[in-house]
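Here are some notes to read alongside the model, written as one colleague to another. I have grouped them by place so that you can follow them on screen.

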Amino acid sequence: MADTAEPLVRRSSEQESPAGPGAKKRRTTATIVDRVLLICALVSLPIMVLVPLHATGYWMNLLTELFILSILATAWNIIGGYTGYAAFGNVAFFGGGAYVTAELMTRGAWSFIPAMLAGGLAMLLYGAIVGLPVLRLRGHYFAIATLGVAIMTRELTNNLAIFGASQPINLPLKNDPNLFYYVALGLLVVSIIVTYLIARSKLGFGLVAIRENEDAALVMGINTTMYKVVAFALNALLCGLAGGLYAYWHSTIDPPTVFDLTTNVRLIIMAVLGGIGTPLGPVIGAALLTFIQETLWKNFTNLHAVLFGAAIVVVVLLMPRGIVYLVRQKFAWRIFVRNLRQYRV
Amino acid sequence: MDFLLHPSFWPQQIVNGLLIGGVYVLVALGFSIVWGILNIVNLAHGAFIMLGAFITFFIWDATNLDPFLVLPIAAAILFVIGYATQAGIINFVVRAPLLVTLLLTFGIEIFVTNLALYKWKADIRSVSPSYAGQSIELGSTIIPITKLGALGLACAITGLLALFMTRTKIGASIRAMGMDLTAARLMGVNIPRTYALTFGLGAALAAAAGTLISATQPFDPSIGSSYTIRAFVICVLGGLGSIPAVLVGGLLFGLIETIGSVVLGAGYKDAITFLVLVLLLVFRPNGLMGKEYYR
């Protein structure tokens with residue numbers, strides 16, 4: 001069944017003009033909504049920069065975590081959203097970046113920023129090496145292969161003595177919430193800009209072409225292998241950077257936390273909830289999902305995970321294409337009904 | 001590494017691998033059918049296995065009925081749950097892109113697993129019938145009787161399923177649907193109902209696997225996801241598209257896992273498993289004996 005794998009995002013036949021890359025200078029609802037979203041993001045940036053002046057520790061923690069998750073969702077969007085390859089192993093790069101940074105800072109006595117950058121670059125390389133064979137697979141097979149890479153990476157970290165052999169690694173303590181907040185915010189802004197640049201470049205057009213029809217893209221002269229590997233490696237780079245930041249922020253890391261497989265799925269749900277294949281969708285999804293989770297946690301401590309599962313089911317059923325696509329159309333309740341009917345057997 | 005050369009070592013390990021492999025066959029069987037025919041990678045499969053194990057536990061606990069006799073009851077209950085899940089939820093997204101069904105079944109998995117954790121807590125339980133400790137000795141090789149029973153039952157169920165798929169009208173319509181949806185519909189197959197039937201069948205097989213697991217090893221509500229991943233690996237190993245492929249994949253996986261963990265240390269078990277998986281995917285993506293359609 002390998003060759004019957006479907007593209008992640010169906011060709012946009014009805015309502016909206018194609019996301020980002022394909023948008024012409026026509027003033028459709030879609031482009032207006034996209035512009036409004038961009039303006040909202042630009043307006044909220046200075047607010048975010050000023051937050052640490054007033055925020056309590058709880059909010060600083062929550063926002064830093066939200067930024068890190070948003071970086072991960074944005075990174076996944078490059079390979080999962082634009083290229084249409086459902087990567088399920090991004091924690092391999094997140095955890096890998098965390099471990100490289102931790103090793104450099106503890107053994108090598110590097111300072112934080114160079115160590116984090118080195119972690120990111122190491123993951124760029126790792127992503128390229130892993131991506132070359134794995135990206136030959138499509139559909140479910142690619143998903144499980146990347147999951148396999150994540151588990152393999154975790155197990156190797158768990159067993160090899162140079163990575164502490166399943167013992168937690170303690171990084172130098174740094175009690176400066178502002179530092180982590182600003183680095184996380186900076187990385188998030190960088191990853192969104194990277195997404196925008198990709199979406200408007202030849203690379204982005206190539207990736208979308210691969211998503212819509214890989215064979216046709218190949219025939220049109222796109223070096224699909226190189227494009228896919230570049231997208232995958234960029235995704236790995238951003239994940240690695242986020243992992244390095246996470247390691248220093250948490251100051252203690254061990255394989256089960258940084259290679260947590262549910263993080264994988266969480267960040268994909270964020271991207272889907274927001275709208276995959278759009279530059280700002282994953283961030284919106286991350287914010288909304290974190291909000292849902294915090295609300296559930298506060299109000300139903302015992303049942304919050306159960307309700308979270310139910311929330312995923314409802315979200316996927318009612319808006320399988322995410323919020324950005326929802327607001328691009330004129331909002332009406334019957335959109336939910338139509339979404340529900342759209343993919344019925 | 002002297003123990004590797006001991007004459008009783010290899011027979012015992014191979015027996016252990018085959019015994020656990022029998023359970024793995026059943027673990028992957030329902031997953032393979034649902035994936036191969038409905039093209040749904042059911043991430044909630046492990047949660048169904050867990051439910052099967054718990055149903056067996058509670059019935060055995062209340063009535064002291066033999067766990068192997070509880071199997072049909074657990075399978076029937078899970079069949080109903082699976083049928084309802086597919087008819088009420090998954091049928092709505094069947095034609096959606098791959099990611100949507102993956103996320104949907106993942107949501108179901110979180111829901112079921114955490115509900116079980118909430119109701120039954122994280123206590124480790126096990127079903128131990130009166131004959132649990134007994135075993136057969138063949139020379140120096142020890143064969144625990146419950147595990148042998150589980151292997152036998154797994155093979156029997158696999159055979160029955162193969163007969164069901166090839167000799168009955170429902171089985172034929174399920175296979176037809178897997179080959180060509182439109183043609184099957186034109187031939188009068190009720191597609192939504194057959195989808196639900198197939199998914200229910202997959203859930204019932206998961207329950208059967210859960211029963212065997214409950215009778216042979218301790219379990220708790222969080223075992224599900226590890227079995228989902230194993231089911232996935234087995235399907236890739238054997239190849240999608242036929243029942244014998246699952247049999248081969250499951251037994252082979254049991255052997256690889258058992259021998260790998262003894263030779264290299266238990267810590268490397270998963271690393272080896274997934275290295276094999278990734279290499280296999282890259283070099284032989286259709287598995288050892290994959291076929292295009294489900295036969």
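**Notes on a two-chain predicted model**

1. B:E257 lies in helix α10 of chain B, which spans residues 243-264. Setting aside neighbours within four places in sequence, the contacts of B:E257 are B:Y24, B:R230 and B:K269.

2. Next, the contact between the chains. Chain B contributes 47 residues and chain A contributes 52 residues. Together the two chains bury about 4700 Å², and 76% of that is on carbon and sulfur atoms. How many salt bridges are there between chain B and chain A? The count is 0. Polar contacts do occur between chain B and chain A: 5 residue pairs, with both residues at pLDDT 80 or more.

3. Staying with that contact, which elements of chain B give two or more residues to the side that touches chain A? They are α1 (9-38), α4 (98-120), α8 (191-216), α9 (224-238) and α11 (269-283) of chain B. The largest share, 14 residues, is from α4(B). Sorted by class, this side of chain B has 36 nonpolar, 7 polar and 4 charged residues.

4. Now the nonpolar core. The largest one has 201 residues, and the residues with the most contacts inside it are A:F88, A:L245, A:I253, B:L26, B:V27 and B:W35. Helix α9 of chain A, residues 224-250, supplies the largest share of this core, with 15 residues. As background, nonpolar side chains in soluble globular proteins tend to be buried together.

5. Another glycine to display is B:G82: the C-alpha atoms of B:G202 and B:G82 are separated by 7.6 Å, although the two residues are 120 residues apart along the chain.

6. In chain A, please turn to A:T64, in helix α2 (residues 57-82). Is A:T64 buried or exposed? A:T64 is buried, with a relative accessible area of 2%. Beyond residues up to four places away in sequence, A:T64 is in contact with A:F180, A:Y181, A:A184 and A:W249.

7. Finally, two backbone angles to check. Most residues other than glycine have a negative phi. A:A109, however, has a positive phi, near 55°; this alanine is in the loop between α3 (91-106) and α4 (112-134) of chain A. At 62% relative accessibility, A:A109 counts as exposed, because the threshold is over 50%. B:K121 also has a positive phi, near 60°, and is found in the loop between α4 and β1 (135-138) of chain B. With a relative accessible area of 46%, B:K121 is partly exposed.

Notes. Residues are numbered from 1 along each chain as its sequence is written. Chains are lettered from A and ligands numbered from 1 in the order in which they are written. This is a predicted model: local features need pLDDT of at least 70, side-chain atom pairs count only at pLDDT 80 or more; totals for chains, interfaces and linings use all residues. Side-chain values use heavy atoms; hydrogens and water are left out. Contact means heavy atoms within 4.5 Å. Buried area is the accessible area (1.4 Å probe) that two parts lose on being put together, summed over both. A salt bridge is a side-chain nitrogen of Lys or Arg within 4 Å of a carboxyl oxygen of Asp or Glu. A polar contact is a pair of N or O atoms within 3.5 Å; within protein, one must be able to donate a hydrogen and the other to accept it, and residues adjacent in sequence count only if both atoms are side-chain atoms. Helices (H or I, at least four residues) and strands (E, at least two) are DSSP runs, numbered from the N terminus. Ala, Val, Leu, Ile, Met, Phe, Trp, Tyr, Cys and Pro count as nonpolar, Asp, Glu, Lys and Arg as charged, and the others, Gly among them, as polar. A nonpolar core is a set of buried Ala, Val, Leu, Ile, Met, Phe, Trp, Tyr and Cys residues joined through side-chain atoms within 4.5 Å. Buried means under 20% relative accessible area, exposed over 50%, partly exposed in between (1.4 Å probe, protein chains only).
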